[in-house]
Structures are given as C-alpha cells and as structure tokens.
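Here are a few exercises to work through with the model open beside you. Each one has a task and then a solution in steps.

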Amino acid sequence: MITSAIIPRPLARLPWRLIFLVASIASFGLIVLYSAAGGSVQPWAIKQGVVFLFFLGVAVGMSWMSEATIKSLAFPVYGVTLVMLIGVEALGFVSKGAQRWLDLGPVRLQPSEFMKPAIVLTLARFYELVPAAEIRKWRAIWPAAVLLGVPAFLILVQPDLGTCIMVVLCGVTVMFLAGLPWWVFAAPAGMIAVAAPIAYQFMHGYQKKRIDTFLNPESDPLGAGYHIAQSKIAIGSGGIWGKGFLHGSQSHLDYLPEGHTDFVFATMAEEWGFAGGVLLIAAFGLVIRWGMKVSANSRTRFGQLAAAGLSATIFFYVSINLMMVMGLAPVVGVPLPLVSFGGSAVMTVMLCLGLLMALERQQRTRSGLAG
Amino acid sequence: MKPIRITSTHQSITFSRRMIVLGGAQVAVGGLLIGRLGWLAVAQNEKYQLLSESNRVQLIPVPPRRGWMIDRYGKPIAINRASFRVDIIPQQLDKGRDIVPELARLLQLDEEEVARIRTELAESRGFQPVQVGENVTYEQYAGVTVRLPDLPGVQATRGYSRYYPDGPAVAHLVGYVGSANAKEYEAEDKNPLLIIPGFKIGKQGLEKTLEPYLRGTPGGQRVEVTARGRLVKELDPKPDRSGETVQLTIDEGLQQYAARRMGDQSGALVAVDVTSGDVLAYVSMPAFDPNSFSEGIGRTEWKMLSEDDHLPLLNKVAQGLYPSGSTIKPAMALAFLKQGVDPKRRVNCPGGYQIGNRYFRCDAVHGPMDMHSAVERSCNTYFWATGLITDPQATTDMVNYLGYGEEFDLPIPTQRYGTMPSPEWLEKKYHRKWQGYDTANTSIGQGYVLINPIQLAVMPGRLASGKLIQPRLLMGKPRKPIPALDVDPEHLEFVRKAMGSVVNDHGTAVGSKLPLDGILMAGKTGTAQVFRLGERGHQSNWALRDHALFIAFAPVDKPRYAIGCIIEHGGFGASAAAPIVRDSMTYLFDKQKAFAALAPLEEQWGGTLAERNARQLADFKSASRATQA
C-alpha cells in the first residue's frame, strides 16, 4: 500500500504490490507470445494485452464490492451459471456436436469458466450457513456434494475433462477447509487408488493407449505422445539460461504444438531456461501466498473459505498446467493463466483476483475502523 | 462420528490446521515442479538438446557415386554413366497450378507414370524430391531445362546410372542394381538414402555382396526445416564420398570372348589361373542384360527372359548342378594310385561289366586297358572294375579333396556345391548300405555325383598345379601361401600325362588340340546322362540330349590356366564343350587366332552376341504384340 499525499486515497488503497506482480506475469506472458508468433505482436500478444488490461480494470472495479454483496450474489451467480451450463448442453444436443460456449453476439460466454469462482463462493456461503455443531453430520456433506457434483457432471460430458477436474478440486478444497471429516476425502481417494488398476483392465484399447502414452510418452512419439514428447524436448533443451529470446527452435519451427496456448510454458522455458521457469513459478507462488494470507486474515467464515478457495483456483490452474507440460500429468487441456493466449483463463483468474482484492479491502477497512 | 459438540472455536482451530496442510501441500507441489524443471532442463539438458537439434536440422542426402568394378588389368566391368533425370520438389511448386500434364508432354510419360507421380506428390514430405523421369534423353533434359524458369519446383539434374559395357557377358558375375524395396528399406533401419529417387543398391551377384564397398558414404545438404517440412535456411553441407573401386581377378577380354564363343547354347564356363586360384572367367549363358535391370526392366523383356527354356535368369556357375560324368576320371585315377593300384594293371573291356544282377554297358569295346589308356579313351569298364577293388570312402575323400562337392569362399550370394557321395553320406542321407553299383556309378561321375562349374575348373587347376588352390574373385583380398596337394608328385605327373593324351594322342578330344605351336592342352571329356527328364519340364528334343562337359589345363608341361565348361544338352563332351574350351584357352595365348576361330561361327549364328540379343528382343516384342492384337 502506497501512502502519499499526492495519490488520491482510493488509488492508494489498492494492493499495488499484487497488481504489480500480476502485471509482471502478464507482461512476461506477452513477451513469450511475441516470440511464439515469430517476433510479432500479431496475432496474439496485442490481443492478449488488451484482454488483460480490460480484465485488470474489471478486477480493480470489483475490489470495491463489499463482502455482503459478494455473499448475497453467491447463490444467484451459481444458479445462473448452472442454467447456462444446461443451456450449452441443450444447444450441443441440438447442433449434434460438442459445445462449450454460448454465442451472445460479440461475446462468447463459456459458462464452465464462471463455475470455478462460482462453486467456491457457493460452497463458502453454504458452509457459513451450516452451524458449527452440524459440520460433521451427513447434512453438511450431501448438499455440498450435490452443489459440486451437478456442474462437474455437466462439464465432464461437454466434454471438458480439464475444467471438470479444476471445478472438483476447487470445491473439494473449500469442503476440506470447512472441516468435513477426513474420511470424506480419504475414502474416495483410497477407492480411486484401488479401482484404477481394475478399471484399466476393463478399458478400451484407445483409452488404455492414452494412459500408456502419459506414463511413457516416448513409446509413441509421433502419435498421441507427440505433444508431451516435444514439450519435454523444448523445456529440456533450454538448459539453465535458455536459448535466448526469439531463439527457441522447437517453438519457432513448429515442432512444439500449441506453443502459444496450453504449452506456452515450454515455449518460455526453451528461450528463458530453468531461470525463467523458476522466476515464473515463484511469481505465481507469491500471488497464491497473497491470496492465502487474505484467507488467513479474514474474520468471517465466508471470507476465510472464499479467499482460500479462490487462491486454490489459481494454484490448481498453474500446477495442473505445469505438471501437464512437464510430463507429470496427462494432457487435459488446462492453460497457464495470464501467460497462455486466450481470454477465458485471464477472465477467470482476474475475477478471482478481483474478489480477493475486495475481501482484502474489507479486512483493512474493518481493522481500520476497529483500530 | 464422535458424539462431541463442535463449537466455532473448534472450527477455527480446524480451519487453521487445515490451512497449514493446504499451504504445505502447495509448497510441496511447487517444489516438485521446480525439481522436475531442474531435472529436465539441467540434469537431462544434454539429451534434450540433442533431440532438439535432430528435430531442427535435417539432412537432404546427396547419394554417393557407386564404386567401379574393374578387371585384373583395370578394364571397366561396372561403371557409372552420366544420365539425366527430372524431379519435382513439392514445396517449391506453385500452388493452384498443375505442372504434371506439361511435364508428361515434355517427357512423353504414359498414364501409369503420371498416376505414380501424382500419388507420390500427395504423399511426399515437402523438401524431398519426387521422381518424374529417370534416364531421360539429352533432348528431353534440354527441353525441360530451357523451360525451368517457367516451371517452379521442377529440377532437372545430371546424375549417374550404372553401366556394364559387356552387358550379358558379365550378367551373372556382377548381378545388377535396382531401387531398394520396402523390405530392404526396413532391413537398413529406414536409411533415408535408400529412398532418394534414382538411388540404386546391389540386388544380385557381386553388386549385392560387394555393396558395403561399392556404396560409399552419402553427403548431404544440412537444412533447417519446420515440423511441416518447410525449408527455413541452408546450413553448411556435408561432402559425400564415392564408393570404392573393386578390382576383380576376372580377365574382361576372356570373359567376353567365352560368352560370345558359347553362341546360343546354354551353359557355363569357368577359367582359373592355376598358380593363384584367380578366377579369370565366370560365364553363364545365355544371360539377361544387366543394363536393362539397372534402368528398370520392361515387362516384355522380363517375360521373354523368364519364358526362355535356356534359363537366362539362372546363374549356372553358382547354382547349376550337373553330374560330372567322365570328368571325374582323372581324380579317380589319382585316388586309385594313392590306394596302391598298379597303373600297369590291365582290365579287359568287352564293352560292359556285370555287377550283381545288372550289366553296365561301356561306350565301346575297348579291349585290354591300363590306367593311362582308360583315362585317355574314357573306358568305363576299367573304372568300374578298379572301383570295386578299392575303398569307396577313401576314393570319395580324394575326389572331394580335389574340389568336387566342395563349397568355396567366394563373394557370391548363393552357391550350390553339389554332392560327392560316400558310404558315410549315403547312410546318413538315405539310410542304406553302400553297394557295388554305387561304386560303379560314382567312379564314372553318375549316380549321386553332382558338381557345379566352379568345381569343374578348380579340379583340373589343382591337378595341374599340384597345389590346393582356392578360387578367388577379388584382387584386393590378401594372398595366402597355397599349400601343396598331399599326394605323390609322381602320381600327379601320371594323371597329367594321361590327360595330355586325351587331347593330343588317341584320346576322346583329339579334335580339340590347340592351334598353337609348342603349347599343348591337357583335358578330359565328360558326358552326363540327363535323368529325371520329366521333372525338368522341357520335352523338346534338345532337352533330352546329354550334358557335355570338358575340363582342361594348359600348357601340359608348365600349367598356367585351367578351364571347366558345361554345355547343357550339348551331347558328347568332345563335340560341344571341348571346342569352346579349346578356343577360350587359345584366347589366353593368342587373341588373334581365337578371334579368327570365332568370326566364321558368329557369321553362321547371325551376328555377334549383342546383335543377336537385340534381334531376339525385337522379335519377341512384335510376336507378343501380334498375339495381343
């Protein structure tokens, strides 16, 4: 927070350190996109920059929302998003094809993106309403499971496995922090661990192949494992300091597929090396730490759960993407927020940050009043 | 669920605890990510850098020039001839313009070719050329060249194609070259060199076995290419290295002479230098033209070759097996001498011999025969009778030692080496005891005896030199000292004298004396019964005749050369095979006299070998066109 007589009070009260951090990540992302386009702001960097600035404005605007407003909006937003998800499904059914978005004239709305913050806010709101004594009862579990399960299922059948996993993980994080008993998490995890090898036996050939490819991408370097094999080559060939800006052969010669979207981290690591990668991971780490601090400092149960859940959303975005590009997780199509080209992820992350900034402002105002 | 009341204080403690767990998990994941990044980018950096380089840089191979094959005097046997070719580089083509019809018109391509070009263009990877025409004429090449500015993506180049100056005369020796097939491509781990348009590998004969020497090392233009095959920039090229020149022991002149001298007959002739084992001639006739194979043989020509009952596609030198007939007799005589048979011992030939309940008929009533006259006049009765008083195993061992039934270490793809039967062999193969008639059959080179034409030259070579020579085809192969034959030199001298009489005194081949002063040839005729006729399938008169064989060495007193020759269904050895050997031997001492003997024969046959081959093909083509119409 900057305190100065020259800067007007409302501006000075903005969390400048966070904004600076986020802007740095986004700028680095623009530099990578510039290189990925072969040294040109067209077609990606310029568009991405505009989208980022727009949503940064939205996020800053959102930071003036009060916690009460957010709270009251939680269920309605969830409801509207759910209706839109059903709408997308119906539209997909009519047009006989997979569909993820609603075409609203100039804007394409992807409701599953909204569901990430929406599920966090809804579950936070739900657990705020559950009395402390009830938290270990069945009544505290099944409504949350339904609230999470229905949208997760709708997204899974779109099909969008990546977003589905994200929504489930965000929801489960809030449920975990709300204090549900351990067995609620341990039992399904144990069941999956036991069932996975059995399920593998019953899978179709192509499904098995996908799993095999993930476990050993080199086994099929020209087919399904091509993405991950090329991504590892790009990252691995970068070395400590990288091949230098605009000198990444994997991305510039098109060996790396999706080098500007899901695999943008590989494009970056090839040119900026281990050093660039660590710097980027550290920057994201600081953003997430800031969000977790907002949660820890929150006085209300809703504030605690919502802030932690929103930070977790950003965390899952980053970690799933990085695990994917470095061959630690199967390729499920989760972009690297603020760096990958594409508006959706920028929007989701900036909405989360806007909400976090709002929650953080509440703490300061309230503490200011109290102090 | 425990029945304790959970208060908001409890809840707050739970939250804090679980926040620590969550934060810890996040830090752990962050650590894992950085660890993984370090593993890939730092620890495994070298491996991935290599992979990235092999992605980035592609080699457009420049095929090396194939090494030559030359004869013992340096005369060319297999060389490369400048040829012109036209290719298309797919990525340089103008999109939206089809140049194939224009090229088809310029190069007069047929529909089949146009269809092939279109398929290959559709399947090609950007920078790899697609062949349009190979061995186009200079006029066509020039025609394309002048239009090049107007034909982007078309490449007209001068290349090299294999050329065998002697054509069919060397066909079965050198084999031929051709484009690699899918199996050969797989066998070499998909060596990209093999699929360059126009690149040929050895398919048969020496071209195949000497492939590692002849091929050379490909160079290449190193280029940076994108994943889709678009060329970004050219890097420094890697020079190619031509294949090695391989010198053969063959005397190209003799090879060609012998091939011509055989005329239209089906047979094989092998000549060796008895002092070293060097193979001077390796002839199997009739033969295909290896030049036609190098350029891709036409369907009509292939049909003609495969339908010919003289089997021009069969390498008779390495794969033809024949009964040795009486050519085995000098070796038999040596075996008898070694077993202590007195050469002066006489056997009366009343025109046949009774063994068990079967009467074996001799060619003539020879009267009393000793060993010398039995070899000279080829009396079977003597060898039957003497065979029965000697040990068949010891006899076979001697004949085998002299070369019959032996496999030689030669760089040829397949070698059938036949059989020299012995009691031990018979027991193993047919599970029966050796009988008197087995001895009788073997002692005149019939029955189970099967030999190849290389053995037919090595045997007289060993008898003549008294050394255990091994046939050689490559000059470059290190020469090892040749051990002497483990036989009494006096016995050898006796056999040589007897063979000398065959040609020069009262023998079976007196009609084949060398027309040279002071140089005498020694030899032995052979006539092999053609049995199991039905299985051979040719039921013409020609096919029923006996095989004619002749082995020889010269000069008798100081042997230099040995020749073995078989003429399939040639009748008597003396009439069909011996004159060919005589003239070939003459060639080695006096070329003029040899060609003087050949000229009237070729006139009688209707032209030289090349002229007759061309006429045969033309006749076949018009005949097959007539049957189609």
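## Exercise 1: a helix of chain A

Solution. Helices here are DSSP runs of H or I with at least four residues, strands are runs of E with at least two, and both are numbered from the N terminus. Buried means 20 or more other C-beta atoms within 10 Å of a residue's own, with C-beta atoms placed from the backbone. Finally, step past the end of the helix, where Gly179(A) has a positive phi of about 100 degrees.

A word on the model: it is predicted, local features need pLDDT of at least 70, side-chain atom pairs count only at pLDDT 80 or more, and totals for chains, interfaces and linings use all residues. Residues are numbered from 1 along each chain as its sequence is written, while chains are lettered from A and ligands numbered from 1 in the order in which they are written.

## Exercise 2: where the chains meet

Task: find how the axes of helix 10 (residues 226-238) of chain A and helix 1 (residues 8-43) of chain B cross.

Solution. The two axes, lines fitted to C-alpha atoms over the stretch in contact, come within 6 Å and cross at roughly 70 degrees. Helix 10 of chain A and helix 1 of chain B are therefore roughly perpendicular (65 to 115 degrees). Now pick out the residues: Lys232(A), Ile235(A), Gly236(A) and Gly238(A) meet Leu37(B), Leu40(B) and Ala41(B). Contact means C-beta atoms, placed from the backbone, within 7 Å.

## Exercise 3: a histidine in chain B

Task: is His172(B) buried or exposed?

Solution. First locate His172(B), which sits in helix 6 (residues 171-174) of chain B. Then count: His172(B) has 30 C-beta neighbours inside 10 Å and is therefore buried. Beyond four places in sequence, its contacts are Gly205(B), Ser284(B), Ala287(B), Asn315(B) and Val317(B). Leu313(B) lies 141 residues away from His172(B) in sequence, with 8.3 Å between their C-alpha atoms.

Notes
A residue is buried if 20 or more other C-beta atoms lie within 10 Å of its own, exposed if 12 or fewer, and partly exposed in between; C-beta atoms are placed from the backbone. Two residues are in contact if their C-beta atoms, placed from the backbone, lie within 7 Å. Axes are lines fitted to C-alpha atoms, for helices over the stretch in contact, and angles run from 0 to 180 degrees between N-to-C directions. Angles under 35 degrees count as roughly parallel, over 145 as roughly antiparallel, 65 to 115 as roughly perpendicular and the rest as oblique.
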